[in-house]
Each structure stands twice: as C-alpha cells, then as structure tokens.
Amino acid sequence: MNSYCIELARRGFVVFAFSANGSGISEFPKRDEIGAGEQDYNARNTPGGLHDALEFVRTLKFVDQTRVGMMGHSQGSRRTSYAASLDVGYYTLNDILINVLYEEFGQKFTEDEITQDAVALAEERLNEAQLAHLMTLSREDSTF
C-alpha cells in the first residue's frame, strides 16, 4: 500500500498508514472495537483496530472531517468494510427506506428484515395507496 499512500500524499491528501491488529508485526489487543479478544474470534472477521484508527484521525485538527476515507487491499479491504459498518455516521438508501416504512407507515421489522430490500418489503406490506405515497415521498425528499 506504500505506493498508494505516497501518491495520495502527493495529491494533497493526509494519509494515515495503519497495520491492523494481528497483521504484520502488530499484536492483538486484549479487546478490540467490538469487544472481542484474540481468543474470541478469527482475526479476519473483525475491523482489527481500523475503526479505532478512524476515530483517531477524526481527532486531528488539520484533517477535513467531511472528507475522511479508508482503503485497504485484500484482508485490509475486508477489515475496512467491517470498520465502515461500525461507523454509523451514514445511511444507505435501504436504511432510509426502512426508517420511512417504520415512521410513516408503522411497519415493524425483525432484525433479519431490516437488512432486506426495503422496496420489496414495501411492495409486500403496503396497499396501493400507501405504495403511491411512498413513491411521492421519495420524489420529494432529496435523501432518497
């Protein structure tokens, strides 16, 4: 990743190069971001300290907090996606639609259902008038 870091820095980006816990010469902490210790999990299935690194970067005054990104290669990309899933500062379109179905239409969801396709759930659960109203809301709201 060194060549990527160098090129990003040349283009004016602040780069924080990080070796995840358990990678390279890094050791496992007693506990990580999700509360798991080395004996509790397979290291490939955790953020491995990347979420902690992201939180650290956010404390740096010279970093534009609206433009922080993460990247990784191979196992690093998997850990990056785990870290992103812990960082609840964003919503997917599906998350927004699930929230609208809950708040506007009183729909209740199981833990498994909130990860399913919100449009498909709406088509199954809403009547024709409600579905039309959902489509109207989606056209009027710029977050959709």
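**Labels and their grounds**

Guide: The model is predicted. A search of the whole structure finds four salt bridges.

Visitor: Why is the contact of E7 with R10 called a salt bridge?

Guide: The closest N and O atoms of E7 and R10 are 3.5 Å apart. A salt bridge needs a side-chain nitrogen of Lys or Arg within 4 Å of a carboxyl oxygen of Asp or Glu, so the contact qualifies. Both residues lie in helix α1, three residues apart, about one turn of the helix.

Visitor: What is the N to O distance between R11 and E7?

Guide: The side chains of R11 and E7 meet at 2.8 Å, N to O, in a salt bridge. R11 has a relative accessible area of 61%, so it is exposed by the 50% cut-off.

Visitor: How do you know that R58 and E55 form a salt bridge?

Guide: Their side chains meet at 3.0 Å, N to O. The cut-off is 4 Å, so the pair counts as a salt bridge. R58 is partly exposed at 31% relative accessible area, and E55 is partly exposed at 36%.

Visitor: Why is the pair of F16 and F56 called tilted?

Guide: The structure holds one aromatic pair. F16 and F56 form it, with 5.5 Å centre to centre and 45° between the planes. Rings pair if their centres lie within 6.5 Å, and planes under 30 degrees apart would be stacked, over 60 edge-to-face, so 45° is tilted.

Visitor: Which parts does the pair tie together?

Guide: F16 lies in the loop between α1 and α2, and F56 in helix α2, so the pair ties together parts that are 40 residues apart in sequence. F16 is partly exposed, with a relative accessible area of 42%; F56 is partly exposed as well, at 41%.

Visitor: What makes the span of α4 close to the expected one?

Guide: Helix α4 covers residues 93-105, which is 13 residues, and reaches 17 Å from its first C-alpha to its last. Buried residues in α4 are I96, L97, I98, V100, L101 and F105, each with under 20% relative accessible area. G106 follows α4 and has a positive phi, near 65°.

Visitor: What volume does the largest pocket have, and what lines it?

Guide: The volume is about 920 Å³. The lining has 32 residues, of which V15, F16, G69, M70 and M71 lie nearest the centre of the pocket. The elements giving two or more residues to this lining are α1 (2-10), α2 (50-57) and α3 (75-86).

Visitor: How do the lining residues divide by type?

Guide: They comprise 18 nonpolar, 10 polar and four charged residues.

Terms used: Residues numbered from 1 in each chain as written. Predicted model: local features only at pLDDT ≥ 70, side-chain atom pairs only at ≥ 80, totals over all residues. Heavy atoms only, no water. 1 Å grid on protein atoms, 1.4 Å probe; cavity = no way out; pocket = protein on both sides within 12 Å on 5 of 7 lines; lining within 4 Å. Points joined across faces, edges and corners; volume = space filled by probe spheres on them. Helix = DSSP H or I, 4+ residues; strand = E, 2+ residues; numbered from the N terminus. Nonpolar A, V, L, I, M, F, W, Y, C, P; charged D, E, K, R; others polar. Phe/Tyr/Trp six-rings, centres within 6.5 Å; stacked < 30°, edge-to-face > 60°. Buried < 20%, exposed > 50% of the residue type's maximum accessible area, 1.4 Å probe, protein only. Expected span 1.5 Å × (residues − 1).
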